[in-house]
Structure formats: structure tokens, C-alpha cells
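Visitor: I would like to learn how to read a few features from a model. Please go through them one at a time.

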Amino acid sequence: MTEGSSLELTAYARSLGIEVEREEDGLPVLAVDFGRNVEGRPGHLHGGATAGLLETAGYAALRTRLLAEGREPQLKPINITVQYLSAGRQKRSYALARITRLGRRNANLTVEAWQDDRTRPIASAVMNILMA
Amino acid sequence: MSEQPKFDAGEAGKFFFRGGHTGWLGLEYVVHGQNWVELKLPWREDLIGEPDRHVLASGPIVSLMDMASGMSIWQTTGVFTPVATLDLRVDYQRPAREKSAVWGRVECYRTTRSAAFVRGIAHDGDEADPVAHVAGVFMQVSYDPKKRLEAQAESAKTEGRDDD
């Protein structure tokens, strides 16, 4: 956890081993180490775990932004589309979201995940989240 | 490849979820048809997505649908060769019921030489009232060098992406 961060990850995220690595421009960069619980095809990150990291980074960024604006609505997923760009290796993975549009009732986010080379993302996602 | 027995989701389901991410989630095989597979994600306290409600997070549901997708492709083609998820979309209709398991049923409705197309639903007991709909595209990843080159040539032709 970064200092002063009021961000609490979900039970699922903590159980999977996702952590807040640092903040960039006020938004959290999340990370997860490679291990058995995120492994799919031997030696590779499971697509579901990658999606879990992307989605968690999306919610974390949106919550952080909303808190900064004094808003604390309940967040409900509308949809997520994940693009898998290259295989995740046995390395630490990172993810950071960009809030493309923050409206009153819904938010649109794009999220990228990468390993050691940030310019070569392993996956990206587009998310729509309802704020009730 | 020709000596390999035809893929059977029921048989594979007996040993598929012993380790790795899907083992950690506790996925279970339920039933399959000619081109579809249904898996179950049991309820578990540490998979909840919200602090104040006993509802499964959406992340594990993506994992469930991703795995059911792969198995529906192997069931359809009859061959257990690695597939890579290219694109997976999940539309959430409603949260799953409190403390409920979630079932994922995915069918592979079309395969080409290099791609496989899937669609399916996640439900919490009633298929007619899904929790989510999913659609995905997978690429066949062949380990046979000649086939792999062909597959690479094909994917380079169609979308010019690096398939590593």
C-alpha cells in the first residue's frame, strides 16, 4: 500500500496477490507476482488472471478519482473487453488505468498491463462502469 | 498429433483443475455437448468483489468463462492444442446472488484454420436469467514448426500482429 492511500482492494484482488505498487499522476499502478495461482499454460500467466489484474486496476483508478472529488458511489460493472497482446511470462505484471471519460452515471476506462517493458503491453482492456 | 486421443471435456475435467490459476479458483467440470462445455465456479468467501456484499468478483467470472471457452474449442475440434485468447468481452447483466456459485456455459460456434469463435453465458442456477454474456476470439497456437509457420503467416496476413 502506498502511504496515505485510502484505497482498499477487494478480497479477490488481495487473495490473488495484487498490490498497489505506486501512484502515477494520482492513479494507482497495481502489480502481481507470477506464481502458481496465476499460472495458466505452464510458465505463462492465465488470461483470467490478467483480466482480473486489468479489472482491479480499473476499479482502483476510478475509486481513487471519485474519492478525490468527494464522491463515493457504489460501482457496478457494465462490461469489459480484454485484448491479449502477448503472452505473460514468469515475471511481475503491472497495470494502470486511464479514465477516458468520467460522467455522472457511468465511467469509461482503458487499462494496460505490462511486464518489464512498458512499451510492450501484454494486454489492454476497455471497461464501462456504472456508478449507482 | 494424429495419435492423440480425441479430446473429451469430461475426461479432461477430471485432472484439469488440480493446479495453476483454475485450480486455485476451484473450478469444476459440470457437463458438455458436442461444441459446448459448462464449468462451475464454487462460492468462496475470499473471491468476493465488494467489502459489504457476498457476491463473487467479476475477475473470477472472466477466468471461468476463459477456461470454458478453451475447453469448448478443444471439444469442438477434438484436438487438445494450445489456444491463445485474442479478445474476450463480458457484458454483466446483474450481480450473482449472494453466496451463490456461478456456472459458465460456452459454445464454440465457428472455427477456421487459425481462429475459433465462442459465445456463452454465466448464470447462478437459472440459465434463462444469466449473470453475464460473453463473446471471444481465440487463436490456434500450433507447436508443430511447419504448422506454426503457416499459422504465423496467416495471422500476419490478417492482422500483422506479433504472436509471441
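**Reading contacts, cores and strands**

Guide: Start with contacts, where two residues count if their C-beta atoms, placed from the backbone, lie within 7 Å. Leaving aside neighbours within four places in sequence, B:Ala122 is in contact with B:Ile61, B:Leu64, B:Met65, B:Val102, B:Trp103, B:Gly104, B:Pro130, B:Val131 and B:Ala132. This is a predicted model, in which local features need pLDDT of at least 70 and side-chain atom pairs count only at pLDDT 80 or more, while totals for chains, interfaces and linings use all residues. Residues are numbered from 1 along each chain as its sequence is written, and chains are lettered from A and ligands numbered from 1 in the order in which they are written.

Visitor: In which strand of chain B is B:Ala122 found?

Guide: Helices (H or I, at least four residues) and strands (E, at least two) are DSSP runs, numbered from the N terminus. B:Ala122 belongs to strand E7 of chain B, residues 115-123.

Visitor: Is B:Ala122 buried or exposed?

Guide: A residue is buried if 20 or more other C-beta atoms lie within 10 Å of its own, exposed if 12 or fewer, and partly exposed in between; here too C-beta atoms are placed from the backbone. B:Ala122 is buried because it has 27 C-beta neighbours inside 10 Å. Across chain B, buried residues make up 41% of the 164 residues.

Visitor: How should I read a nonpolar core?

Guide: In soluble globular proteins, nonpolar side chains tend to be buried together. A nonpolar core is a set of buried Ala, Val, Leu, Ile, Met, Phe, Trp, Tyr and Cys residues joined through C-beta atoms within 7 Å. The largest one has 79 residues, of which A:Leu54, A:Ala57 and B:Leu64 touch the most other members. Beyond four places in sequence, B:Leu64 touches B:Leu27, B:Leu39, B:Leu41, B:Val102, B:Gly104 and B:Ala122.

Visitor: Which residues have a positive phi although they are not glycine?

Guide: Most residues other than glycine have a negative phi. Among the exceptions are A:Asp25, at about 50 degrees, and B:Lys99, at about 55 degrees. A:Asp25 lies in the loop between strands E1 (19-24) and E2 (27-32) of chain A, and counts as exposed because it has 6 C-beta neighbours inside 10 Å. B:Lys99 lies in the loop between strands E5 (83-92) and E6 (102-111) of chain B, and is exposed because 12 other C-beta atoms lie within 10 Å.

Visitor: How do E1(A) and E2(A) pair?

Guide: Two strands pair if DSSP finds at least two bridges between them. E1(A) and E2(A) pair in the antiparallel sense over five bridges, with A:Glu19 opposite A:Ala31. Their hairpin has two residues between the strands.

Visitor: How many residues does each chain bring to the contact between A and B?

Guide: Chain A brings 29 residues and chain B brings 30. On the side of chain A, E3(A) gives the most, with eight residues. Strand pairing also crosses between the chains: five bridges join E3(A) to E5(B), which run antiparallel, and A:Val82 stands opposite B:Leu88 in E5(B).
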